[in-house]
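Visitor: I have a structure open and have not looked at it before. Could you walk me through it?

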Amino acid sequence: MQIAVVENNENRTNSIFESGFLAVYEHENKEWKELSRRENPVPNAEGIAAVRQSLSDVVESLPNVRILIASDLSGVAFSIFEGAGFEIFLVKSDAASALTSVRKTILEDQKESESASHVDVSQFFEHGTNKGDFVVNLQQAQMACPQLSSKKILLDYVKRGEFNRLDVIVSHTPKWFDRELPLMGFKYETINILPDKKTLRVSHAPLL
């Protein structure tokens, strides 16, 4: 498992748009081995065309890597890395802690995917009142299939964006909502709160 980390001079995760380094690590014999380290070229690019080209060059320089850790990767950077098939993790910590945390998450997700691969999650989504609106009761879905995480149920569906509004009934707000929904161009709001559940409404964020 090779992972690229955007780092600053203090070996902490960094924004792709800030000066620092791009390091590639591999987990080997229960330890992280640094395979390469180069200066991050993106902050030196001037103008949107140059930034895009610099980001594309970074992607091409990582032929064996499809996992990226950074403290921030918004806008065009997120689009380019996601389009190249990277799994992106936004973590603010020292690089060693970030690598350990991300590896753990990836391995857990792989186990969940293996156990949940036979489940058709589309069965949990129902049409809402208006055309283009849908509802999913996450509590009921996870009671029926305990091996499914909120991310496994929702992420692919949300990424496709084939809805106007998606009402998600939950016991608590999934931790990844605040981090990942804005990156995919969505927002959410709480529209109903009861003692043991609440409804979150996911919709497309307005273009800036």
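**A first walk through the model**

Guide: Start with a right-handed β-α-β unit, made by β4, helix α2 (residues 75–83) and β5. Right-handed means that, with the strands pointing away from the viewer, the path from the first strand over the helix to the second runs clockwise. Helices (H or I, at least four residues) and strands (E, at least two) are DSSP runs, numbered from the N terminus.

Visitor: What kind of model is this, and how are the residues numbered?

Guide: This is a predicted model, in which local features need pLDDT of at least 70 and side-chain atom pairs count only at pLDDT 80 or more, while totals for chains, interfaces and linings use all residues. Residues are numbered from 1 along each chain as its sequence is written, and side-chain values use heavy atoms, with hydrogens and water left out.

Visitor: Back to α2. Which of its residues are buried?

Guide: V76, A77, F78, I80 and F81. Buried means under 20% relative accessible area, exposed over 50%, and partly exposed lies in between (1.4 Å probe, protein chains only).

Visitor: What covers them?

Guide: The cover includes α1 (48–60), β4 and β5. After α2 comes G85, with a positive phi near 90 degrees.

Visitor: Which strands pair with β4?

Guide: Strand β1 (residues 2–7) pairs with β4 in the parallel sense over two bridges; there, A4 has L68 as its bridge partner. Strand β5 (residues 87–90) also pairs with β4 in the parallel sense, over four bridges, and I67 stands opposite E87. Pairing requires that DSSP finds at least two bridges between two strands.

Visitor: What is the strand order in the whole sheet?

Guide: The order is β3-β2-β1-β4-β5, an open sheet of five strands with mixed pairing. The edges are β3 and β5, each of which pairs on one side only.

Visitor: How do β2 and β3 run?

Guide: They run antiparallel and are joined by eight bridges. One of the partner pairs is V24 with S36 in β3.

Visitor: Changing topic: how many residues are in the largest nonpolar core?

Guide: It has 25, and L154 and L166 have the most contacts inside it. Such a core is a set of buried Ala, Val, Leu, Ile, Met, Phe, Trp, Tyr and Cys residues joined through side-chain atoms within 4.5 Å.

Visitor: Which element gives the most to it?

Guide: α5, with five residues. Elements giving two or more include α5 (150–160), β8 (165–170) and β10 (197–204).

Visitor: What does L166 touch?

Guide: Leaving aside neighbours within four places in sequence, L166 has contacts (heavy atoms within 4.5 Å) that include F125, F134, L154, Y157 and L200. There is also a second, separate core of 23 residues, with A45, V51, F78 and F81 among them.
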